[in-house]
Amino acid sequence: MNEIKVWDLQTRIFHWSLVVFVLCTLVTADILRFFGIDLVNKDAWLAFHIGTGVAVGILLAFRIFWGFFGPHYSRFSSLRLSLKELVGYFDAVIKNIRTNHTGHNPAASWSALCIIIIGMLAVISGVVVFSLDEGRGILRSLYIGFHPLADNLKLLHLGLAYALLAVIIGHVCGVLNETFRHKTGIIPAMITGKKLSDEVEIPFSGSAPLTMVSIVWVLSPFVAALYFTVSMETKQPSNMVIPVIYKKECGSCHMAFPPNVLPMKSWQVMMANLQDHFGDDASIDDSSNREIEAFLVKNSAEHSLEEASLKFIRSISKDNTPLRITEIPYWKEKHKLISQATYQRGTIKSRINCVACHKWSEYGSFEDSDIRIPRE
Ligand code: HEC
Ligand code: HEC
C-alpha cells in the first residue's frame, strides 16, 4: 500500500469549516431552550445564528459545485451509493471486519449526501422563516405582516435542524468506529489529505481559474459570517405616525400605548368615558378626543398586521370589551412568569410601562428579539 493524496485542500477546508459553522449554528438556535438555557442577549445571538447559518449555506453550495468540478474523490460520481454496498459495509462493521475504502466508504457517502441535502433545506427554510416571521433578511419583501404559517415553517426549520444533527451523530459514530476499532486513520486523512491505499493516485488537473474560484469560495463563509453577525439591523418598527396630540394627552400619566393592542370597541368605550379613567379624570376637549379616537380606531388590533395584534384579538372572547391590555388572556399568559418585584424595579415602575421591556412598543412592535428586562 502506498500513501496517496485523496482529499484536496478545498475539500478539507470545506469539511472542517462546516464542522465549526454547523456547531455554532446549532448551539445558538432555539434548541438550547429545550434545556432551559435562555440566551440573555437574544438579538446578538440571533445575528450570530444568521451569520453562521449563511456560512453553512455558502459552504454547502460550494460542496455541490465541487461535487461536479472537483478532483476525483470529491466528485459525487465517486460516492458509493448502492444499497448493497451499504448493507455490506454495516455487515462488516458488525462482524468487526476491517474494510478499506480510498474515498468515501458507503456509510460516509450517504452521510455526505444527507448532510448536503438536509443542511441545504435547513438553510433555505431558515431564510424563509427569518423573512416571514421577522420581516428581515434577503426575502423580507415577502413580509406583508405577521403570517400564521410562519409558526409551522419554524417547526419545519427546527425539524430539519434535528434531522441534520441526527445524521451528524451517525457520521461521528462511524468515524469513531473506524478510528478506534479499525484504526484506518481517517481523521488524520481529513487533515493531511493523504491515505494508505492500493489505488494509484489520481492527479487533479483543475485550471488556475477553477482553483482560484474554489479557494475564494470555500474561504468566503468566514467573511460572510462576520459580516452578517456585525451588520444585522434590528427590525424597523412599523412606520405608523403617532400624532403629537396623542403623545401629549395620553402619554403624560403613563406611556402612550400603541393602538394595536386593543380592539376598536375598547378604544371607543374608553374615549367615551375619559372623565372616569381608571379612577382618574383624563377628560379632554371634544375635537382632541375625536382626533385621538380616529387614530386609535384606524390602528386598532383588528387593523394591524402585527403578530401580537392577531394573538390579542384571538384570545379575547366575543362578548368581552377589555379596557385593560393587561387583562387580555394572551397578555397574562405571556407575562405570567414575571414577578411583582420585577415590575417594581426603578426603570420599570409598573407592568403597564411596556416600553421599559419592549423597545419598539410605542410603535406596536413586540418582537422577541427586542425584549430586554432591565436589571434594576
Ligand atoms: C390623568 C392621568 C391619565 C391620563 C391623562 C390618561 N390616563 Fe390612561 N390610565 C391612567 C391610570 C391611573 C391608569 C391605570 C394604571 C394602572 O392600573 O396601573 C390608566 C390606564 C390606562 C390603560 C389600561 C392599561 C392596562 O392595560 O392596565 C389604557 C389602555 C389607557 N390608560 C389609555 C389611555 C388613553 C388612550 C389616554 C388618552 C386619551 C389616557 N390613558 C390618558 C391615567 C391616565
Ligand atoms: C418587565 C418587563 C415587561 C413589561 C413591563 C411588559 N412586558 Fe411584554 N413581555 C415581556 C417578556 C419577558 C416577554 C416574553 C415572554 C415569553 O416569550 O415567554 C413579553 C412578551 C410580550 C408579548 C409577546 C411577544 C411575542 O411575540 O412573543 C407581547 C405582545 C407583550 N409582551 C406585550 C406587552 C405589553 C402590551 C405591555 C404593556 C402593557 C408589556 N408587554 C409589558 C416583558 C415585559
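**Figure 1. His254 and its neighbours around ligand 1.** In this predicted model, the side chain of His254 places an N or O atom 2.8 Å from a nitrogen atom of ligand 1; a polar contact here is a pair of N or O atoms within 3.5 Å, and within protein one atom must be able to donate a hydrogen and the other to accept it, with residues adjacent in sequence counting only if both atoms are side-chain atoms.

**Figure 2. The iron atom of ligand 2.** His335 (NE2) and His358 (NE2) coordinate the iron atom at 1.9 to 2.0 Å; donors are N, O and S atoms within 2.8 Å of the metal (3.2 Å for Na, K and Ca), and water is not among the atoms, so sites may look incomplete. The 6 donor atoms make angles of 89 to 179° and the site is octahedral, a label given to six donors if opposite ones are over 155 degrees apart and all others between 65 and 115. For reference, ideal angles for six octahedral donors are 90 or 180 degrees. The pair links distant parts of the chain, 23 residues apart: His335 sits in helix H12 (residues 329-335) and His358 in the segment after helix H13 (340-343). His335 counts as buried at 17% relative accessibility, and His358 counts as buried at 12%; buried means under 20% relative accessible area, with a 1.4 Å probe and protein chains only.

**Figure 3. The shell around ligand 2.** Here 19 residues surround the ligand, and the closest are Trp331, His335, Cys354, Cys357 and His358. A polar side-chain atom of Trp331 is 3.3 Å from a nitrogen atom of ligand 2.

**Figure 4. Phe257 and helix H9.** Phe257 lies in the loop between helix H8 (244-250) and H9; helices are DSSP runs of H or I with at least four residues, numbered from the N terminus. Phe257 is buried, with a relative accessible area of 12%. Leaving out residues up to four places away in sequence, Phe257 touches Tyr246, Trp267, Ile325, Ile352 and Cys354, where contact means heavy atoms within 4.5 Å. On helix H9 (residues 264-272), the buried residues are Ser266, Trp267, Met270 and Met271. Their directions fall within an arc of 125° seen down the axis of H9, so they line one face of the helix; the arc uses directions from the helix axis to the C-beta atoms. These buried residues pack against helix H10 (286-298).

**Notes for all views.** Residues are numbered from 1 along each chain as its sequence is written, while chains are lettered from A and ligands numbered from 1 in the order in which they are written. Local features need pLDDT of at least 70 and side-chain atom pairs count only at pLDDT 80 or more, whereas totals for chains, interfaces and linings use all residues; side-chain values use heavy atoms, with hydrogens and water left out.

Terms used
Four donors count as tetrahedral if all angles lie between 85 and 135 degrees; four count as square planar and six as octahedral if opposite donors are over 155 degrees apart and all others between 65 and 115; anything else is irregular. Helices (H or I, at least four residues) and strands (E, at least two) are DSSP runs, numbered from the N terminus. Buried means under 20% relative accessible area, exposed over 50%, partly exposed in between (1.4 Å probe, protein chains only). A residue is near a molecule or strand if one of its heavy atoms lies within 4 Å of it.
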